[in-house]
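Welcome! Here is a short tour of how two protein chains meet. Take a look at the structure first, then read on.

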Amino acid sequence: MLLKSVEYVRPDSVAQAIEILNSNEGAALLAGGQSLVNILKHRVASVDVLVDIATLEELRFVESRPDGSIEIGACITYDELDHSELIHSSHEMIAWVASHIEDQQIRNRGTIGGNCCLSDPTNNFPPLLVAMDATMNIQSSSGMRQVRAEEFFKGYLMTAIQPGEILKSITVPPVPADVGIGYVSLSVGEDSKAIVRSSAWVKLNGVVQEARVVLARVSPIPVRYQPMEEALRGSSATPEDIARAASVIGSDFEPVADSHGSSEYRREMARVVAKRAVLEAVEKVRGEGGSK
Amino acid sequence: MITQSATQAIEVTINGKTYRRVVESRQLLVHFIRDTLGLTGTHIGCDTGSCGACSIIMNGKLVKSCMLLAPQADGAVIETVEGLAHDGELSALQESFRDHHGLQCGYCTPGMLMAATYLLRNNPSPSEEEIRRGIKGNICRCTGYVNIVRSIKAVADGAQLDMGDGVAKEV
């Protein structure tokens, strides 16, 4: 057996799952399992009870709200996001990102909630959700609380989720016609783990009204690079303007170094992917009928 | 609710046959299929979810069976490579793999066949790019992708299979 002995339980509701978490200190939530099962095989995490929430209907929905925002249940899989007409019609980039995660088998099991709650710096959704200013809806025995995506990711494998809490859903604000979203990764192979990644959200009305530029895989959690956002604001967003804005990613910015890239290499590449992500966002607004 | 325990009584239907067994909660689904049930057509290549040799279709979805625990499959309907042939007749994909030399050592073949079966069910006429994306989760270390892609494309196109000299032709 690869795994150490572990208890398995499949609750009937989120409330029941929370009860189990509260009465078992060594309990962990099991959703798609596409990372956790490997972690358990390597015996690097000590889990006594696996609480399987993958099939809970309460966590498996995609709904649009009257204001144009969309709420996605935590246990919706990448493949389901990619095949949701609702997502395609209002938040296309979420479907695009979902459809470019690893391979079909992983997309059939992996969930958006698991992708966020693991808080692995290579995961695809955290930078996008920070750029889109999503809200994480967290349930516990004392009710619901909301945390902005920007505040949700705390560190390597760490999030704002506290013991006894479950990420129930993610609410993503509407994407009006004057907003474009870009998402660019530098990776070794197509759809594989990124070395550097950037997601950009740009509100454009002749000139840039507002921009959010998120860099990922440069630190344990996705970070907004505010000097670049400021450099973009008020500019006409020509390719030259965007390149100039990306060049403010300066020598004071020190990305993590590892076997995939030195800090210097990641800084250089951060400029490239951030520039391309903003270009993509801008082109979407200026292209036919805006973007999602 | 499935009660909290280190062992679970599970019921799984594989290729039309229902199996009831008591398993350790920590047992991987691929080990349940191979070791407990003796269905060794499903292979283990890496047991880290990288190679796809253990791919099966569970409740209509292609998954890697080394990335699931056996209790997660309780109540599931599963198809493995053993279920592709009927009454001794190979499926069109299996025939095509044979005719186009879509394998060398054959180790990845069960996973490739399940991935290709899933792909064609959801997209009966895929482009070459779609085929390559469809088998991205399956690694062949004989570098045999060209003939694997040809095998799948031939079925997708409904092309006449080359039954003659055994040499794959362009499709």
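This is a predicted model: local features need pLDDT of at least 70, side-chain atom pairs count only at pLDDT 80 or more; totals for chains, interfaces and linings use all residues.

In it, 41 residues of chain A are in contact with 34 residues of chain B. Together the two chains bury about 3100 Å² between them.

**Extent and makeup**
- Of the area buried between chain A and chain B, 53% lies on carbon and sulfur atoms.

**Polar contacts and salt bridges**
- Between chain A and chain B there are 4 salt bridges.
- One salt bridge to look for joins the side chains of A:Asp103 and B:Lys64, with 2.8 Å from N to O.

**Which parts of chain A take part**
- On the side of chain A that touches chain B, at least two residues each come from β1 (7-10), α1 (14-23), α2 (36-41), β3 (49-52) and α6 (104-109) of chain A.
- The largest share of that side comes from α6(A), which supplies 6 residues.
- Sorted by type, the residues of the side of chain A that touches chain B are 14 nonpolar, 13 polar and 14 charged.

**Strands that pair across the chains**
- How do β1(A) and strand β1 (residues 2-5) of chain B pair, and over how many bridges? They pair in the antiparallel sense, over 2 bridges.

Methods
Residues are numbered from 1 along each chain as its sequence is written. Chains are lettered from A and ligands numbered from 1 in the order in which they are written. Side-chain values use heavy atoms; hydrogens and water are left out. Contact means heavy atoms within 4.5 Å. Buried area is the accessible area (1.4 Å probe) that two parts lose on being put together, summed over both. Helices (H or I, at least four residues) and strands (E, at least two) are DSSP runs, numbered from the N terminus. Ala, Val, Leu, Ile, Met, Phe, Trp, Tyr, Cys and Pro count as nonpolar, Asp, Glu, Lys and Arg as charged, and the others, Gly among them, as polar. Two strands pair if DSSP finds at least two bridges between them.
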